[in-house]
Amino acid sequence: KSGPQKGLEYTDEQYCTDLMIAINGAMLYRYFEEMWFKTVWLGYYFDTSESPHLFTFSEPYFAFLWTVSMHRRDRLHSEYDYHSINIWKRDSSVRKEFSLTQPLIVSEIKRDSKKVNFELAPFPIDAERPPNAFVYTGLISEIYLESFWDVPFPTEPELSLRKLLDVWVVLSSIGRIIFQADHQNMEITSLQAAFGFAPTFKKADIIAVLSKATNMTKNLCEKALGRFIFQGEFNDDLWLRPLIPLDKDKLLFVIPAVIAPNLLRSVENLMKVEKMKLDERGSSFEEEIRTSISDAIKESKKLRNAGIVIGRNIYTVDTQAEQIDIVFWIQNILVVGEIKCNIFPVTPIEKYNYIAALQQGALQIKRKAAFIQKNFKELLSSGQIPEQTYFDAEAIEILQIVISNLPLLVGMSFEDVPIVDKLIINQYLE
């Protein structure tokens with residue numbers, strides 16, 4: 001609420017002091033809010049036996065494994081980025097084909113006293129590094145969203161995930177120019193110079209350049225742009241909506257969130273907000289896992305006497321029935337799996353829900369494994385599990401697993417059931 005008061009001079013120093021107090025207050029509030037949610041949802045507490053008191057997790061091994069799995073995720077993304085760069089450098093046909101599917105990008109921003117001009121150009125196909133959109137588009141197939149890419153939003157049938165990615169590509173190019181300009185002159189000698197790190201644009205100008213770059217109508221671009229504007233509501237997140245409205249006509253870009261978002265989280269949030277059927281992604285993931293394991297078994301040079309049940313996930317004996325996502329075997333070991341497709345967790349409550357989903361999956365597959373163990377002979381004789389000459393029905397070993405679409409907590413066990421992902425299974429089978 002601080003600001004210049006009528007009749008009083010408000011100096012740069014006073015302004016910066018008030019600004020610093022406001023920022024520090026907001027950071028403290030955010031920190032304590034995060035601590036509270038971690039206490040409520042994740043079992044954190046203050047260890048008063050330490051001096052100074054330590055805010056810690058009740059299960060240190062769990063916290064350690066979460067950190068390790070986040071590191072593994074980052075390494076996998078880095079590896080994917082590395083391969084994408086190599087493909088981009090090596091194959092000119094890939095570069096040309098990709099450039100034909102992309103919107104124009106902003107290559108230069110020119111300002112004068114009256115207006116701002118955005119210069120547009122195709123992404124240079126001879127660039128040393130591929131654009132982020134090239135890497136992200138490739139990642140789409142890795143997160144089982146290809147089938148949703150062009151599906152119209154139920155809330156706005158003219159829009160789709162692909163069209164919003166095109167809009168983000170243009171916004172990101174603007175953000176990158178701002179970022180590069182900031183780093184050319186890091187010295188701040190006045191308050192006005194500090195404002196240069198947060199340039200604003202008229203909303204109408206952004207809509208106009210989006211329309212030119214994407215060939216979408218201005219009306220549609222305005223609707224698409226609205227998906228990126230922060231509304232200040234309880235569940236709003238600057239990483240998901242990185243444009244801040246300063247008034248009805250001006251927008252401020254939050255640069256890190258504009259140029260380097262978490263694509264998976266952004267897309268999942270969009271699907272949820274636009275009322276798309278996230279459950280259908282689970283079906284795509286299940287089919288991908290079955291196909292992947294089947295191919296790995298066929299192509300493995302070491303596996304013998306191995307196979308997978310294809311085309312069935314309901315197993316029935318008398319009046320009892322169980323739905324089992326995946327069943328495959330290696331000699332006399334029968335592997336039964338529960339497949340879980342979750343949204344990427346960031347907040348404490350999202351992490352709690354992710355953990356709960358894995359725990360639920362472990363309990364489910366234990367029950368289903370007991371059903372298979374008890375009724376194995378009947379399932380063989382009825383053909384629900386293909387009979388193999390090397391099966392010993394009296395000594396069959398049932399191995400239970402939960403397969404997650406995310407690398408988080410892979411390697412941990414709930415109820416003695418290990419959590420794995422596609423990469424871990426494939427590397428083992430190969």
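Modeller: Happy to! Let's start at Ile385, which sits in the loop between α13 (376-381) and β13 (397-404). Please keep in mind that this is a predicted model. Is Ile385 buried or exposed? Its relative accessible area is 0%, so Ile385 is buried. Now pick out Arg312 as well: 73 residues separate Ile385 and Arg312 in sequence, while their C-alpha atoms are 9.3 Å apart in space.

For another residue pair, go to Arg90 in helix α2. With a relative accessibility of 64%, Arg90 counts as exposed, because the cut-off for exposed is over 50%. Arg90 and Ser284 are 194 residues apart along the chain, and 31 Å separates their C-alpha atoms.

Let's turn to the aromatic rings. Searching the whole structure gives 18 aromatic pairs. One of them joins Phe57 and Phe62: the ring centres are 5.3 Å apart and the planes meet at 40°, so this pair is tilted. The reason is that the angle falls between the 30 degrees below which planes count as stacked and the 60 degrees above which they count as edge-to-face. Phe57 has 9% relative accessibility and therefore counts as buried. Phe62, also at 9%, counts as buried too.

Tyr61 and Phe64 make another tilted pair, because their planes lie at 35°, with 6.3 Å between the ring centres. Where do Tyr61 and Phe64 lie? Both are in helix α2 (residues 60-90), 3 residues apart, which is about one turn of the helix. Whereas Phe57 and Phe62 are buried, Tyr61 and Phe64 are both exposed.

Next, a surface feature. Tyr15, Leu19, Ile23, Met27 and Phe195 form a nonpolar patch on the surface, and together they have about 460 Å² of accessible area. Which helix gives the most to this patch? That is helix α1 (residues 12-42), with 4 residues. Met27 is placed in helix α1, and its 54% relative accessibility means that Met27 counts as exposed.

Here is a side chain that turns to the backbone. Thr214 belongs to helix α7 (residues 203-214), and its side chain reaches the backbone oxygen of Leu210 at 2.7 Å. Thr214 counts as buried because its relative accessibility is 15%, and the cut-off for buried is under 20%.

Finally, the charged side chains. How many salt bridges does the structure hold? There are 20 salt bridges. In one, the side chains of Asp74 and Arg73 meet at 2.7 Å, N to O. Asp74 has a relative accessible area of 37%, so Asp74 is partly exposed, whereas Arg73, at 14%, is buried.

Glu287 and Arg290 form a salt bridge as well, with 3.6 Å between the closest N and O atoms. These two residues are 3 residues apart in helix α11 (residues 279-299), so about one helical turn separates them. Glu287 is partly exposed, with 44% relative accessible area, while Arg290 counts as buried at 12%.

A further salt bridge joins Lys340 to Glu338, where the closest N and O atoms are 4.0 Å apart. Why do these two residues count as buried? Lys340 counts as buried because its relative accessibility is 13%, and Glu338 because its value is 5%. Elsewhere, salt bridges that share partners join Arg30, Glu33 and Glu34 into one network.

To come back to where you asked me to begin: Ile385, in its loop, is buried at 0% relative accessible area, with the C-alpha of Arg312 at 9.3 Å from its own.

Notes
Residues are numbered from 1 along each chain as its sequence is written. This is a predicted model: local features need pLDDT of at least 70, side-chain atom pairs count only at pLDDT 80 or more; totals for chains, interfaces and linings use all residues. Side-chain values use heavy atoms; hydrogens and water are left out. Rings of Phe, Tyr and Trp (its six-membered ring) pair if their centres lie within 6.5 Å; planes under 30 degrees apart count as stacked, over 60 as edge-to-face and the rest as tilted. Buried means under 20% relative accessible area, exposed over 50%, partly exposed in between (1.4 Å probe, protein chains only). Patches are made of residues with over 30% relative accessible area and no salt bridge: like charges are joined within 9 Å, nonpolar side chains (Val, Leu, Ile, Met, Phe, Trp, Tyr) within 5 Å. Accessible areas come from the Shrake-Rupley method with a 1.4 Å probe; for residues, only the protein chains shown count as cover. A polar contact is a pair of N or O atoms within 3.5 Å; within protein, one must be able to donate a hydrogen and the other to accept it, and residues adjacent in sequence count only if both atoms are side-chain atoms.
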